[in-house]
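These are my notebook entries on one protein chain. I set out to look up its aromatic rings and the pairing of its strands.

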Amino acid sequence: INRKPPTMLKLVLSLVFFYAADGIYFKLFERICFVEELDAVPQPVDALWQCPVMGKRDAYFINAEVQDPVGSIVFRDRLTTSTGEGDFSFISNGIEGAYQICFEPSKELAATNPKFSMHLQSSRHVDWEIPQTMDGLEKIQEEAKQLKRMMLAIRQQNAKQHQRQVPFQHLQQSTASRVWIASVCQLLLLGVLCMMQFRRLTAFFLAKKLV
């Protein structure tokens with residue numbers, strides 16, 4: 001991770017730190033950049049991110065930017081935090097080396113010091129021996145977009161399913177709490193009745209001089 005323009009040492013350390021874990025998270029209160037080493041062939045890269053939901057205010061957003069090893073902009077977009085998660089994809093331009101993936105929060109978002117997590121997936125397993133024509137790249141990009149839409153649809157479906165389950169979970173917890181309270185009350189009432197019955201029987205036997 002580097003918070004300033006990285007030196008070569010910082011780039012190497014960033015790369016080692018990134019591959020040490022599946023995903024990483026950090027406090028996003030300023031511009032932070034990561035490094036992904038890519039080969040000299042075009043490769044699609046997916047970036048999955050999560051951030052606390054800050055509502056639908058336009059003031060809370062994250063500027064995402066990807067630069068190739070020579071400093072050219074490969075990707076740039078504004079990420080909204082209204083959903084709390086998302087992803088974006090880019091295709092390397094065939095220049096081998098360290099690609100910088102940077103995130104810069106808006107002033108309002110940085111003030112909240114949010115927890116931001118990210119996971120990169122580069123498609124190095126793709127067979128790149130096929131002819132690298134413009135039509136081929138467009139086809140790959142279109143397939144990547146379709147996959148992205150499918151992933152978003154699955155996430156939205158899971159979120160809706162979770163939202164539908166929340167009321168039932170609350171009802172279940174509330175019912176269990178009421179059952180527990182009713183059971184305790186019944187036990188207390190039964191104890192009081194037993195004590196009263198015991199006293200009445202004792203008084204009866206004493207009155208009849210049976211004890």
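**Aromatic rings**

I looked for pairs of aromatic rings and counted five. I note that the model I consulted is a predicted one.

I then took up one of these pairs, Phe75 with Phe88. A pair of aromatic rings is described by the distance of the centres and the angle of the planes. For Phe75 and Phe88 I found 4.7 Å centre to centre and 5° between the planes. Planes under 30 degrees apart count as stacked, and this pair is therefore recorded as stacked.

Phe75 belongs to strand β5 and Phe88 to strand β6 (residues 85-91). They are 13 residues apart, and the pair links distant parts of the chain. Buried or exposed, I asked of Phe75 and Phe88? Both are buried.

I next listed the aromatic cluster to which Phe75 and Phe88 belong; Phe34, Trp49, Phe103 and Phe116 are its other members.

I also examined a charged residue beside a ring. Arg78 lies over the face of Phe61, at 3.7 Å from the ring centre.

**Strands**

I turned to the sheet. Its four strands follow the order β2-β7-β4-β5, and the sheet is open with antiparallel pairing. At the edges I found β2 (32-38) and β5 (73-80), each of which pairs on one side only. From one strand to the next, the twist averages 15°.

Finally, I checked how β2 meets β7 (residues 97-105). The two run antiparallel and are joined by seven bridges. For Cys33, I recorded Cys102 as the bridge partner in β7.

Terms used
Residues are numbered from 1 along each chain as its sequence is written. This is a predicted model: local features need pLDDT of at least 70, side-chain atom pairs count only at pLDDT 80 or more; totals for chains, interfaces and linings use all residues. Side-chain values use heavy atoms; hydrogens and water are left out. Two strands pair if DSSP finds at least two bridges between them. Axes are lines fitted to C-alpha atoms, for helices over the stretch in contact, and angles run from 0 to 180 degrees between N-to-C directions. Rings of Phe, Tyr and Trp (its six-membered ring) pair if their centres lie within 6.5 Å; planes under 30 degrees apart count as stacked, over 60 as edge-to-face and the rest as tilted. Buried means under 20% relative accessible area, exposed over 50%, partly exposed in between (1.4 Å probe, protein chains only). A charge sits over a ring if NZ of Lys or CZ of Arg is within 6 Å of the ring centre and within 35 degrees of the ring normal.
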